[in-house]
Amino acid sequence: MRWHIALGTLSLLILVAVFGYIAVGEQARMQSFTEAYDARQIETGASLFETHCRTCHGPQGKGIVGVAPAINAADLFNGERLAAVGFSGTLTDYLEGVISAGRPVPSAGTNYPQRMPTWAQAYGGPLRKDQIESLVVFIENWEDRALAEVGAAPSAPSGTPIGTDITVSLPEGNADQGAALAQGAQGGCSACHELAAVGPPWAAAGDTPGVFVRASDRINESDYTGNANTAQQYLIESIVQPNAFVVSGYEAGIMPQDYAQRLTAQQVADLIAYMESLP
Amino acid sequence: MAIFRLHLPILDEIKEKGLRPALRDKTDDIVTRVTAGLSIQDVRSMLRDDPPGRPNPRLKPHSEGFWLHMKPTYYHNLVDGIYPTFRLGWLSTFFFVVEIVTGVLLMVYYTPSPEFAFTNMLDILSNVPFGRLIRDIHRLGAELMVAIVMLHALRTFLTGSYKKPRQFTWATGIILLLVTWLLSFSGYLLPWDQLSLWAVTIGVSMVEAIPPEVVGRTVNLLFRGAPEFGANGLLRWYLLHVVALPLAGIVFVGVHYYKVVLHGHSLPPDAEEVGEDTARRVPTDSRTYFFPHIATRELFYVVALTALIVIGALFVHAPLEPHADPLVTPLHSTAPWYFLWLQGMLKLGDKVIFGLIVPGVLIGGLLVLPYVEVGPSRRYGSRRIGLTAGLGLVFTFGVLSYMGSPWFAVQTSPEQEAVAELLPQTHPGPLRLADWEGFTVGTYEASAYDQAPTETLRSVLDEFEGSIEGIKIDGRSDYQGVIVIEDWQTNLKKLTLRILWTDDVTGKPGEYSQTVYLHKDSNYGQGE
């Protein structure tokens with residue numbers, strides 16, 4: 001019995017000591033968990049961005065001309081964009097609101113025919129609140145680098161634009177360069193034609209052949225309204241005069257109208273070589 | 001004339017006896033009331049371990065008090081040692097109390113709603129002083145309680161203590177085993193992380209198999225609250241966990257304890273004649289009285305075990321996986337360990353037979369065991385068949401549990417398994433735990449791990465190579481592992497794990513890849 005009382009007293013002292021030890025480190029522990037969880041949210045946000053946002057806002061959120069604006073951009077973080085849309089809350093609120101509820105109208109003076117869809121489950125979208133929050137902290141984590149890029153020289157125009165003549169003779173195309181152009185921010189084609197089906201998918205699917213084969217079939221179809229005589233001309237026409245013929249089931253005006261001024265003949269040739277190489 | 005008169009009898013006594021004697025008598029009176037019958041003198045002599053007077057005043061708290069009605073006044077010396085009880089029943093009760101205390105504390109910070117539950121967990125970990133400790137103790141205590149209750153049942157079986165007259169005690173014990181399982185299991189859903197959702201989804205999907213189909217569907221719906229787990233399902237499981245099951249537990253613990261006191265602790269099997277039960281006829285020289293010996297010892301146990309479990313909680317942390325997502329089934333998600341045997345049986349075949357009928361017959365059989373197995377002898381030597389069957393059941397439990405684990409007959413692609421070794425979906429794993437600074441941007445081949453620039457990369461690549469070497473699929477060869485590390489954002493790196501191979505027939509290359517983003521501060525080493 002004496003041993004029990006002695007050991008019990010000793011245990012009580014140990015218990016008090018352990019509680020004291022925990023109490024001393026508790027503030028630091030809570031702090032460290034908070035930091036770690038914030039960091040893990042950025043990780044989650046990064047993978048959500050790749051799945052849901054990259055298709056339109058481009059790799060690294062640099063935007064795709066004519067599809068969706070850059071969010072990895074200085075004006076988002078220095079307050080200019082918030083001022084432009086007349087938003088008086090914080091950036092976090094703005095991002096959360098726009099991602100959750102979408103954008104019914106584009107910002108003034110911009111040309112983005114597609115609307116930002118609603119993403120939060122509360123607005124009929126697919127994402128939970130904590131996922132939206134993860135996306136917001138991921139986007140906000142661009143701040144340092146986006147602001148640091150201000151003043152960096154804009155990339156120089158890369159040559160004479162191709163114009164709207166579809167009979168132009170093209171140089172030899174390079175499929176790899178075409179792929180890089182299609183998937184990068186400058187071309188931005190893959191956002192709608194590969195990753196999402198906003199425009200007709202380029203790749204073959206089921207009985208439908210790839211885009212190049214379809215092009216050579218289509219010019220002979222009765223409902224074709226354009227002027228192309230070869231598959232190559234059809235593809236040039238689709239890029240530089242997107243409304244000359246719109247495949248049934250897709251809307252006119254969605255495809256950006258300014259590729260004739262933005263792309264060189266070499267770039268169009270690369271793109272077509274890339275399309276031809278697709279299965 | 002006063003409106004009311006305050007009468008303090010102590011003042012009269014002070015007037016009559018003087019201050020000190022009056023206060024001493026009053027204190028004695030209070031102590032006697034609180035201890036339900038022991039005066040200060042009795043308490044002092046008890047603590048000095050003097051022989052008790054006659055009649056023994058130390059029996060009064062048992063006969064006059066409420067709480068000690070639950071405790072025998074004395075134990076047979078033969079059941080006072082570690083053998084034959086191993087204190088397992090007492091330990092079960094101890095952990096039940098620990099769970100109630102920590103559970104009530106956790107309830108303060110918890111909202112049973114899918115919108116808040118997971119955030120509540122984060123708050124408990126990041127914003128509640130001692131929050132993680134309480135959660136860890138609750139979780140650790142729950143796992144220990146399940147194990148102890150199961151061992152308690154096993155011990156009772158082995159010593160034959162379920163036999164007449166203790167049949168009903170055994171039956172309530174089996175009910176308490178079920179309550180314990182369900183208590184622990186129902187707690188799984190509450191954090192609303194991936195572990196919660198999928199462990200419980202696996203468990204509940206079994207009831208769906210109850211025939212006829214309409215019953216299975218209805219019961220399934222009752223447990224889920226909707227075709228998919230959501231707000232209603234969480235609320236139901238929460239109420240089961242914090243109200244219904246604890247109440248059932250308290251009621252049956254009461255019955256169980258009452259029966260134990262009524263029949264006495266059964267003696268070791270060879271201590272009495274076959275067919276006799278002498279637990280209630282304890283010779284005076286073989287008694288160990290509750291006061292003071294057992295009481296001080298149990299008090300010591302309480303303090304020492306509390307200290308042990310708090311220290312244990314410093315090292316064993318309750319896991320918290322990512323937020324529950326009904327669309328993403330994590331690779332290798334399993335039922336809790338004590339239900340792995342069920343999951344193992346389900347792999348044997350038909351859901352109705354192996355998920356319902358066999359477990360149902362087993363549990364039902366355990367419940368009525370003492371009413372069916374009526375052999376009079378409790379001695380080990382006369383129960384060879386019974387003991388062999390019992391140990392066979394324990395062995396089967398072990399084998400089935402192994403079969404329930406992901407290592408047995410789970411069909412996923414070997415490439416996926418190889419990547420999951422570095423990047424598991426149910427716990428952090430080597431890649432997330434590795435030193436972030438060591439992930440130098442670049443492309444690395446697993447086979448050339450010894451040429452990687454940092455120690456971190458060398459060990460990660462070595463492990464990757466090891467798991468790729470284990471892949472064997474007919475018709476594919478030339479397996480190769482590549483890790484691509486990209487600088488993605490400030491303090492954020494993107495790691496892509498690629499496994500490449502060549503198809504032997506067509507000669508075409510194949511690829512499996514998985515991507516993970518790692519932040520400098522994500523600190524997965526904290527144990528959650």
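Is Lys17(B) buried, partly exposed or exposed? In this predicted model, Lys17(B) is partly exposed, its relative accessible area being 38%. The side chain of Lys17(B) meets that of Asp25(B) in a salt bridge, with an N to O distance of 2.6 Å. Asp25(B) counts as partly exposed as well, at 33% relative accessibility. A network also occurs, in which salt bridges with shared partners join Arg128(A), Asp130(A) and Asp325(B). Over all chains, the structure holds 23 salt bridges. In general, side chains of opposite charge can pair when their charged atoms come close.

Within chain A, a salt bridge links Glu133(A) to Lys129(A), and the closest N and O atoms are 2.9 Å apart. Both residues belong to helix α5 of chain A, which spans residues 129-140. Glu133(A) and Lys129(A) are four residues apart in this helix, and the separation is therefore about one helical turn. The relative accessible area of Glu133(A) is 28%, so this residue is partly exposed. Lys129(A), by contrast, counts as exposed, because its relative accessibility of 57% lies over the 50% cut-off.

The interface between the two chains was examined next. In chain B, 45 residues are in contact with 39 residues of chain A. About 3,700 Å² is buried between chain B and chain A, and carbon and sulfur atoms give 63% of this area. Two salt bridges are found across the interface of chain B and chain A. A salt bridge between the chains is formed by Arg145(A) and Asp487(B), whose closest N and O atoms are 3.0 Å apart. This pair runs from helix α6 of chain A (residues 143-148), which holds Arg145(A), to strand β4 of chain B (residues 476-489), which holds Asp487(B). Arg145(A) is partly exposed at 31% relative accessibility, and Asp487(B) is likewise partly exposed, with a relative accessible area of 42%.

Helix packing also links the chains. Two packed helices are described by the angle between their axes and the distance between the axes. Helix α1 of chain A (residues 2-57) packs against helix α7 of chain B (residues 131-158) at an angle of about 120 degrees, and the axes are 9 Å apart. The two helices, α1(A) and α7(B), are therefore oblique to each other. On the side of α1(A), the contact is made by Phe19(A), Ile22(A), Glu26(A) and Arg29(A), which meet Gly131(B), Arg132(B) and Leu133(B) in α7(B). By residue class, the contact of α1(A) with α7(B) comprises three nonpolar, one polar and three charged residues.

Arg29(A), located in helix α1 of chain A, has a relative accessible area of 11% and is therefore buried, the cut-off being 20%. Apart from neighbours within four places in sequence, Arg29(A) is in contact with Ile124(B), Leu125(B), Val128(B), Gly131(B), Arg132(B) and Gln526(B). Between Arg29(A) and Thr264(A) there are 235 residues of sequence separation, and their C-alpha atoms are 58 Å apart in space.

A loop position in chain A was also considered. Val247(A) is placed in the loop between α10 (231-240) and α11 (259-262) of chain A. When neighbours within four places in sequence are left aside, the contacts of Val247(A) are with Pro200(A), Arg218(A) and Tyr234(A). Val247(A) lies 123 residues from Gly124(A) in sequence and 29 Å from Gly124(A) in space, C-alpha to C-alpha.

Backbone geometry is described last. Most residues other than glycine have a negative phi, and most peptide bonds are trans. The peptide bond from Tyr83(B) to Pro84(B) is cis, with omega near 5 degrees. Pro84(B) is in the loop between β1 (74-76) and α5 (88-108) of chain B. Lys164(B) and Pro165(B) are also joined by a cis peptide bond, for which omega is about 5 degrees. The loop between α7 and α8 (167-189) of chain B contains Pro165(B).

Ala36(B) lies in the loop between α2 (19-34) and α3 (40-47) of chain B. With a relative accessible area of 18%, Ala36(B) is buried.

Conventions: Residues are numbered from 1 along each chain as its sequence is written. Chains are lettered from A and ligands numbered from 1 in the order in which they are written. This is a predicted model: local features need pLDDT of at least 70, side-chain atom pairs count only at pLDDT 80 or more; totals for chains, interfaces and linings use all residues. Side-chain values use heavy atoms; hydrogens and water are left out. Axes are lines fitted to C-alpha atoms, for helices over the stretch in contact, and angles run from 0 to 180 degrees between N-to-C directions. Angles under 35 degrees count as roughly parallel, over 145 as roughly antiparallel, 65 to 115 as roughly perpendicular and the rest as oblique. Contact means heavy atoms within 4.5 Å. Ala, Val, Leu, Ile, Met, Phe, Trp, Tyr, Cys and Pro count as nonpolar, Asp, Glu, Lys and Arg as charged, and the others, Gly among them, as polar. Buried means under 20% relative accessible area, exposed over 50%, partly exposed in between (1.4 Å probe, protein chains only). A salt bridge is a side-chain nitrogen of Lys or Arg within 4 Å of a carboxyl oxygen of Asp or Glu. Buried area is the accessible area (1.4 Å probe) that two parts lose on being put together, summed over both.
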